[in-house]
Amino acid sequence: MTDVTVQEIADSLYLLKVADHSTKYFEAMWSIPEGITYNAYLLKTPAGAVLFDGWKHLFVEEFVETLSSLVSLEDIKHIVVQHMEPDHSGSLPEILALTRNQAQVVGHPFSERLIKGLYGLAPSFRPVKNGDTLTIGGRTLTFVQTPWLHWPETMITYLPAEGIIITGDIFGGFSIPSGTFDDEIKVDNYLPFARKYTTTVIGHYKEKIAQNVAKLQKLGVDPKMILPAHGLLWRQAPERIIQAYLDWGKGTPQPGKVTIVYSSMYRFVERSVNVAADELKKLGYTPVMHRIVDDHHASLADILSDIADSEAIVMGTETYESDVFPYMEFILSEMCKKVEYEKPFVLITVFGWAAAAGKKLKEQLEKSKFNLVETVACKGMLTPESEVKIRESIAHLNEQLR
Ligand code: FEO
């Protein structure tokens with residue numbers, strides 16, 4: 001049975017939420033055993049209704065049914081498309097058809113092209129720019145463009161009289177929270193899922209978080225309620241999710257946290273990396289280990305998420321076919337796209353007959369924003385000499401941090 005929530009969350013403003021327990025890899029990339037929700041919103045007014053976003057096409061029948069339980073679809077006057085990624089716009093074609101194409105779509109000018117490109121549709125469309133307003137049935141909506149959070153056409157809607165912002169991806173998170181609002185669950189347990197969402201989905205554009213938050217502040221938006229398109233809604237402490245997003249965007253570390261990520265075909269790398277972990281613990285750090293080994297593959301999403309609030313990174317890997325171990329090459333390329341911060345980095349590599357991985361990764365890391373403190377290349381087994389070098393590299397890492 002589909003897990004749907006319908007709730008009036010403010011005067012005549014309704015949440016329509018579906019919990020997606022079946023998607024294993026969001027965007028076909030990010031492992032989400034915790035699930036995800038798609039949150040749409042409906043504002044009912046005496047002059048007609050306004051729909052904000054929708055659900056992934058997988059749930060289109062349920063969306064039509066849920067929406068129809070609140071409003072006659074022909075009474076929907078406007079569909080505000082805040083973001084065109086199909087996890088929100090996938091249900092748009094069916095909804096438009098059921099409004100007999102009478103509903104006016106409201107969105108960023110670029111969305112009109114995306115609606116044509118993704119769905120072959122050309123509905124009645126009202127392009128809006130920053131600060132444009134729409135008044136209907138005594139309710140006023142103000143639109144604010146928030147480009148690259150998460151696509152170029154993304155925007156949010158501000159209801160100034162109510163102090164509410166409907167935000168699309170921004171301020172959202174993975175998982176299926178057991179409550180609707182932040183005062184109904186343990187927020188500390190939810191925030192890691194929001195961090196994982198931010199780093200994986202929005203991470204490539206992380207600099208845009210601070211820019212867009214500053215823009216909202218400049219426009220005088222001081223929300224009492226934040227309604228994102230994924231996960232938890234915020235009314236008790238909306239400033240908490242804003243600050244969390246700012247911190248993840250900047251990579252603000254939790255004191256003592258160090259992410260260790262390594263691949264190890266035959267546990268040679270693992271033995272070397274364990275020395276690094278041991279030295280970190282002796283120095284008072286908390287290493288968080290992610291392993292790519294023969295009985296376990298760490299989730300890339302979890303690796304990226306942990307880097308966002310780590311003080312430093314340790315990577316271990318080996319040479320494979322005179323090159324970098326392929327999984328690690330992919331992981332590092334995603335790290336450089338999504339969570340590239342100016343954080344200290346130690347690289348430990350192991351080789352049999354050619355130290356190719358270390359050389360190539362060193363070149364790559366020196367071009368990145370990461371601060372490559374030291375590289376240690378170990379020939380095969382962990383020797384007392386390489387153990388000393390690894391411990392020294394961690395001591396140098398510590399000097400950078402303390
Ligand atoms: Fe939730 Fe960028 O879509």
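The domain assignment of the protein chain gives domain 1, residues 3-250, and domain 2, residues 257-397, with bounds that come from an automatic or database domain assignment. This is a predicted model, in which local features need pLDDT of at least 70 and side-chain atom pairs count only at pLDDT 80 or more, while totals for chains, interfaces and linings use all residues. Residues are numbered from 1 along each chain as its sequence is written, and side-chain values use heavy atoms, with hydrogens and water left out. The C-alpha centres of the two domains lie 38 Å apart, and 16 residues of domain 1 are in contact with 18 residues of domain 2, contact meaning heavy atoms within 4.5 Å.

Seven strands form an open sheet in the order β1-β2-β5-β6-β7-β8-β9, with mixed pairing; strands (E, at least two residues) and helices (H or I, at least four) are DSSP runs numbered from the N terminus, and two strands pair if DSSP finds at least two bridges between them. β1 (3-10) and β9 (125-127) stand at the edges with a single partner strand each, so one side of each is left without a neighbour in the sheet. From one strand to the next the twist averages 20 degrees. Strands of a sheet pair through backbone hydrogen bonds, either parallel or antiparallel.

Both senses can be followed here. β2 and β5 pair in the antiparallel sense over eight bridges, and I36 in β5 is the bridge partner of D20. Five bridges join β5 to β6, which run antiparallel, with V50 in β6 as the bridge partner of L43, and a hairpin of two residues joins β5 to β6. Strand β8 (residues 104-107), by contrast, pairs with β9 in the parallel sense over three bridges, and G107 stands opposite P127 in β9.

Nine of the 10 residues of β5 are buried, so this strand is largely enclosed by the rest of the structure; buried means under 20% relative accessible area, exposed over 50%, and partly exposed in between, with a 1.4 Å probe and protein chains only. T37 has its place in strand β5 and is buried, with a relative accessible area of 1%. Leaving aside neighbours within four places in sequence, the contacts of T37 include K17, V18 and A19, S175, I176 and P177, and also A229, H230 and G231. The side chains of T37 and N39 are joined by a polar contact of 2.9 Å, a polar contact being a pair of N or O atoms within 3.5 Å of which, within protein, one must be able to donate a hydrogen and the other to accept it, with residues adjacent in sequence counted only if both atoms are side-chain atoms.

Helix α1 (residues 60-70) lies across β1, β2 (13-20), β5 (36-45), β6 (48-52) and β7 (76-81), and runs at about 160 degrees to β2; axes are lines fitted to C-alpha atoms, for helices over the stretch in contact, and angles run from 0 to 180 degrees between N-to-C directions. Helix α4 (residues 109-119) lies across β7, β8 and β9, running at about 145 degrees to β9.

Within α1 lies T66, which is buried with a relative accessible area of 8%. Not counting residues up to four places away in sequence, T66 touches V4, V6, L16 and W55; T66 and V6 are 60 residues apart in sequence and 7.6 Å apart in space, C-alpha to C-alpha. The side chain of T66 also reaches the backbone oxygen of E62 at 2.6 Å.

Among the buried residues of α8 are V269, V273, A276 and L280. What covers the buried residues of α8 includes β15 (257-263), β16 (286-293), β18 (312-320) and α12 (384-401).

Backbone angles complete the picture. Most residues other than glycine have a negative phi, and most peptide bonds are trans. N101, in the loop between α3 (92-98) and β8, has a positive phi of about 55 degrees although it is not a glycine. S322, in the loop between β18 and β19 (323-324), also has a positive phi of about 55 degrees without being a glycine, and S322 is exposed, with a relative accessible area of 52%.
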